[in-house]
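Please open the structure in your viewer and follow the stops below in order. Each stop names what to select and then describes what is there.

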Amino acid sequence: MLLIDCPNCGRRSVQEYNYGGEYNPRPENAMERTDVEWAEYIYMRDNKWGLQKEWWYHQSGCGLWFLAERHTQSNEVLKTYFWQKNDVPQGK
């Protein structure tokens, strides 16, 4: 069984959570983005084979959205943490 550490509640079964998708920071200067850039932001995903940063929602617990780093091959969750403004990568 996959266990995920909620940063607020601690380790719980994956059945308490909803997967929110790959972490994809909102583009800077949003009003200056083209329709093509917005379509890429909304629909295109990396779908990595390896370590991936993802959103998770603790539905059956505290109701917290948080980030997790999960290896997509082994399904091992290596790290979970609260989102912070500095999580936005440079150059995006």
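Begin by selecting Gln-52, which is in contact (heavy atoms within 4.5 Å) with Tyr-19, Glu-22, Asn-47, Ala-68, Glu-69, Arg-70 and Thr-72, leaving aside residues up to four places away in sequence. The model is a predicted one, in which local features need pLDDT of at least 70 and side-chain atom pairs count only at pLDDT 80 or more, while totals for chains, interfaces and linings use all residues. Residues are numbered from 1 along each chain as its sequence is written, and side-chain values use heavy atoms, without hydrogens and water.

Gln-52 belongs to strand β4 (residues 51-57); a strand is a DSSP run of E with at least two residues, numbered from the N terminus. Is Gln-52 buried or exposed? Its relative accessible area is 6%, so Gln-52 is buried (under 20%; exposed is over 50%, partly exposed in between, with a 1.4 Å probe and protein chains only).

Next, display the side chain of Glu-54: the side chain of Gln-52 makes a polar contact with it at 2.8 Å (N or O atoms within 3.5 Å; within protein, one able to donate a hydrogen and the other to accept it, and residues adjacent in sequence count only if both atoms are side-chain atoms).

Now select Tyr-19 and Trp-56. Seven aromatic pairs are found in the whole structure (ring centres of Phe, Tyr or the six-membered ring of Trp within 6.5 Å; planes under 30 degrees apart are stacked, over 60 edge-to-face, the rest tilted). The ring centres of Tyr-19 and Trp-56 are 5.3 Å apart and the planes are at 70°, so this pair is edge-to-face. Tyr-19 is partly exposed at 43% relative accessibility, whereas Trp-56 is buried at 7%.

Conventions:
Helices (H or I, at least four residues) and strands (E, at least two) are DSSP runs, numbered from the N terminus.
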